[in-house]
Amino acid sequence: MRSRLALRALALGYLALLLVVPVGVVFRRAFADGVGPVWDAVTTPEALHALWLTCLMVLVAVPLNTVFGVLCALVIVRQRFRGRALLNALVDLPFAVSPVVVGLALVLVYGRTGWFGGWLADQGVQVIFSPLGMILATMFVSLPFVAREVVPVLREVGTEQEQAAETLGASSLQTFVRITLPAIRWGVAYGVVLTTARALGEFGAVSVVSGKIAGRTETLTLLVEDRFQGFDLRGAYAASIVLAVLALGTLLAMNLIGPKGERG
Amino acid sequence: MSIVVESVCKRFGEFVALDDVSLVVPEGSLTALLGPSGGGKSTLLRVIAGLEAPDAGRILIAGDDATPRPARERGVGFVFQHYAAFKHMTVRKNVAFGLDVRKRPKDEVRRRVDELLALVHLEGFAERYPAQLSGGQRQRMALARALAVEPEVLLLDEPFGALDATVRKELRAWLRRLHEEVHVTTVFVTHDQEEAMEVAEQIVVLNGGRVEQAGSPRELYERPANEFVRGFVGPLTRLGDVEVRPHDLEILLEPSEGSREAMIERVSLLGFEVRLDLALADGGDAWAQLTRERADELELEDGQIVYVRAEREVALT
């Protein structure tokens, strides 16, 4: 009984120290003079643009990585071929590589003097120092989540239900839509939440490729840093709060749509 | 519809699952594929269904070559050992699945599902989810689901293997009755010879990827083609160098021609029958099965000396 209480206190204390207290302090500081100044700080043109850009990152990266993640998981679990282990390892690469390195790699490939950069510039496409490069960076760092969440679920579900559907006359597409997708839906949903959170919060890789042009290539995370460096603490706190609210909203949505009692 | 299997071979890497298997399943029959695990019976069933492609050989369903057709175009109903219930659908949706993907009219689907649920005695369970059903109920739902599309053949892979003994017995009898009602050509896989004997009209014994023998339960039991079948379809005991069925051992209280002396090590009452464990006077053990009535008549007890004689040997054909 006692050890159970101690364990619980440890878990909660750890969370409080690392999460609740710092986030709480940010909220307190931001709202120290009421809601008005915060509202003003988040409705400046730069802040609104940063919010829009952050949402754009999420809206592009999350759907693409969701589709790719599910495909990837299907290949990893269901197919036997040489190089399967390699694919499995490659999917985890964004976890292992530091985001800053990812950003630098993108600059090397797509920058003006990079492999494709010159050619792309001739076509009138600018990747680095533009939202396009930032989207690429966001997609790279948020790539593994859906695949990682779906792989174990697919393994657990097995192939019998799909085979049953096939013997009952379902086409591959019907089987996928009616049987496979519903069976893995919580894995996909959880993966989407993690991907969204990562895309919202990405800083390092995006920072390297963005060039941090205020009002053009600044996401909310970059805006926070920009304001912080410029001693505009209120602006930094306000932008942080927008990020925190977006993240909390994502988690809340997850809990609302998620299966009752399976995830907390 | 009849099923003809022609010289089918199937390997998984080095393992030979099916080695030149041929057999005929007559239209409307109830056939058991019987054999030890790893004998190839499930693989054969999956090849018939189109869930595995054979390396060589053909499958004919109703006289047509079905080998190139995928599972969904073979008109087979398949029932899995672990039910393969669609967990996110209600019982009604599960049973309706085959009709739904064929885009049949809603009211026709509803009527048909109601009929099938009545057939498998699940009328009150239409709106439940598989997780809320017992194993036996889930398997009956799976059966109704397979029957919904009016398959030409019904294939069952160890359908009662995951159920406890009582439910198993019930479902066996029920499957037989169902087959009499629906009369669809049915093949089921089992490793339980008693189940095969009780349910099937024809039994195909598979071992090591080959057909050891095919025939009626009686043929297999009384005229096994080889030692494997003899040992697999029923119990055997040894009296010197003669192999006999334990119920073909005659127990005598006095020595007689051809009898051997034995001591009863243990008398076990198993309901209707009595099992005797015997130690033969000239070495070796044997066991005998006799009716309770006969055992009472002889007043058998542990430690008693009796004389045993083989009434009938199981000769190989």
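Trainee: Why are α2(A) and α14(A) described as roughly perpendicular to each other?

Mentor: The axes of helix α2 (residues 35-42) of chain A and helix α14 (residues 233-257) of chain A cross at roughly 80°. Angles of 65 to 115 degrees count as roughly perpendicular (under 35 is roughly parallel, over 145 roughly antiparallel, the rest oblique). The value falls in that range, and α2(A) and α14(A) are therefore roughly perpendicular. This is a predicted model, in which local features need pLDDT of at least 70 and side-chain atom pairs count only at pLDDT 80 or more, while totals for chains, interfaces and linings use all residues. Residues are numbered from 1 along each chain as its sequence is written, and chains are lettered from A and ligands numbered from 1 in the order in which they are written.

Trainee: What makes the contact between α2(A) and α14(A)?

Mentor: A contact requires C-beta atoms, placed from the backbone, within 7 Å. On α2(A), the residues that meet this are A:Pro37, A:Val38, A:Ala41 and A:Val42. On α14(A), they are A:Arg234, A:Gly235, A:Ala238, A:Ala239, A:Ile241 and A:Val242. The helix axes come within 9 Å.

Trainee: How do you know which classes the residues of that contact belong to?

Mentor: Ala, Val, Leu, Ile, Met, Phe, Trp, Tyr, Cys and Pro count as nonpolar, Asp, Glu, Lys and Arg as charged, and the others, Gly among them, as polar. The contact of α2(A) with α14(A) then divides into eight nonpolar, one polar and one charged.

Trainee: Where does chain A touch chain B, and by how many residues?

Mentor: 15 residues of chain A are in contact with 18 residues of chain B. Two elements, α10 (160-167) and α11 (172-201) of chain A, each give two or more residues to the chain A side. The largest share, seven residues, comes from α10(A). By class, that side of chain A has seven nonpolar, six polar and two charged residues.

Trainee: Why are β6 and β10 of chain B called edge strands?

Mentor: Two strands pair if DSSP finds at least two bridges between them. The open sheet of chain B has six strands in the order β6-β7-β8-β3-β9-β10, with mixed pairing. β6 (76-79) and β10 (210-215) each pair on one side only, which makes them the edge strands. From one strand to the next, the twist averages 15°.

Trainee: How do you know that β3 and β9 of chain B pair, and in which sense?

Mentor: Strand β3 (residues 30-34) and strand β9 (residues 202-207) of chain B share four bridges, in the parallel sense. DSSP needs at least two, so these strands count as paired. As one example, B:Leu34 has B:Val205 in β9(B) as its bridge partner.

Definitions and conventions:
Axes fitted to C-alpha atoms, helices over the stretch in contact; angles between N-to-C directions. Contact = placed C-beta atoms within 7 Å.
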